[in-house]
Amino acid sequence: MSARICAREGCDRLLARRRPGQVGRPPIYCSPGCRPSWVRPPVLVEVARCEDNDGFITGEWIVRLRHGHRVVVVGCGLGRFSADMLANELRAFLDGRSIGMAS
Ligand SMILES: [Zn+2]
């Protein structure tokens with residue numbers, strides 16, 4: 001039996017072999033991203049209170065980007081105003097908008 005490749009047009013990755021005892025239909029796509037029904041999750045900009053090492057809320061704020069289950073912190077130890085400004089700049093950047101700053 002020859003190796004099978006992904007059913008998505010333009011993708012030539014091999015399909016994972018079925019494990020012994022695996023149930024359900026055999027896969028026809030190499031990954032969830034190749035399924036036609038897959039929708040790319042949006043990148044979210046989050047502003048939240050910082051926590052210290054013991055989990056207590058501090059007076060500082062954190063700004064992070066979330067994409068699915070992946071998170072990256074882009075600012076921490078900020079004041080609320082600075083955190084909101086950074087978040088607005090990030091949202092404008094992600095949306096391809098100008099935020100009215102001198103260029
Ligand atoms: Zn694929």
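How are the donor residues of the zinc ion spaced in sequence? They follow the pattern C-x4-C-x18-C-x3-C. Please keep in mind that this is a predicted model, in which local features need pLDDT of at least 70 and side-chain atom pairs count only at pLDDT 80 or more, while totals for chains, interfaces and linings use all residues. Residues are numbered from 1 along each chain as its sequence is written, and side-chain values use heavy atoms, with hydrogens and water left out.

**The zinc site**

- The zinc ion has four protein donors, Cys6 (SG), Cys11 (SG), Cys30 (SG) and Cys34 (SG), at 2.3 to 2.4 Å. Donors are N, O and S atoms within 2.8 Å of the metal (3.2 Å for Na, K and Ca), and sites may look incomplete because water is not among the atoms.
- The site is tetrahedral, with angles of 106 to 115 degrees among the 4 donor atoms.
- Cys11 and Cys30 both lie in the segment before strand 1 (43-51), so the pair ties together parts that are 19 residues apart in sequence. Strands are DSSP runs of E with at least two residues, helices are runs of H or I with at least four, and both are numbered from the N terminus.
- Cys6 is buried at 5% relative accessibility, and Cys11 is buried at 8%. Cys30 is partly exposed, at 23%. Here buried means under 20% relative accessible area, exposed means over 50%, and partly exposed is in between (1.4 Å probe, protein chains only).
- The structure holds 0 disulfides, a disulfide being a pair of cysteine sulfur atoms within 2.5 Å.

**Domains**

- The chain is divided into domain 1 (1-38) and domain 2 (43-95), with bounds that come from an automatic or database domain assignment.
- The C-alpha centres of domain 1 and domain 2 are 37 Å apart.

**Strands and hairpins**

- Strand 1 pairs with strand 2 (residues 57-67) in the antiparallel sense, over 8 bridges. Two strands count as paired if DSSP finds at least two bridges between them.
- Val43 stands opposite His67 in strand 2, and Glu51 has Ile57 of strand 2 as its bridge partner.
- The hairpin of strand 1 and strand 2 has 5 residues between the strands, and Gly55 there takes a positive phi near 85 degrees.
- Strand 2 also pairs with strand 3 (residues 70-78), again in the antiparallel sense, over 6 bridges. Arg66 stands opposite Val71 in strand 3.
- With 2 residues between the strands, the hairpin of strand 2 and strand 3 includes Gly68, which has a positive phi near 65 degrees.

**Single residues to look up**

- His67 belongs to strand 2 and is buried at 19% relative accessibility.
- The side chain of His67 reaches the backbone oxygen of Pro41 at 3.1 Å.
- Asn88 is in helix 1 (residues 80-95) and is partly exposed, with a relative accessible area of 43%.
- From C-alpha to C-alpha, Asn88 and Cys34 are 32 Å apart in space, and they are 54 residues apart in sequence.

How values were computed
Tetrahedral: all angles 85-135°; square planar, octahedral: opposite > 155°, others 65-115°. Polar contact = N/O pair within 3.5 Å; in protein donor to acceptor, adjacent residues only side chain to side chain.
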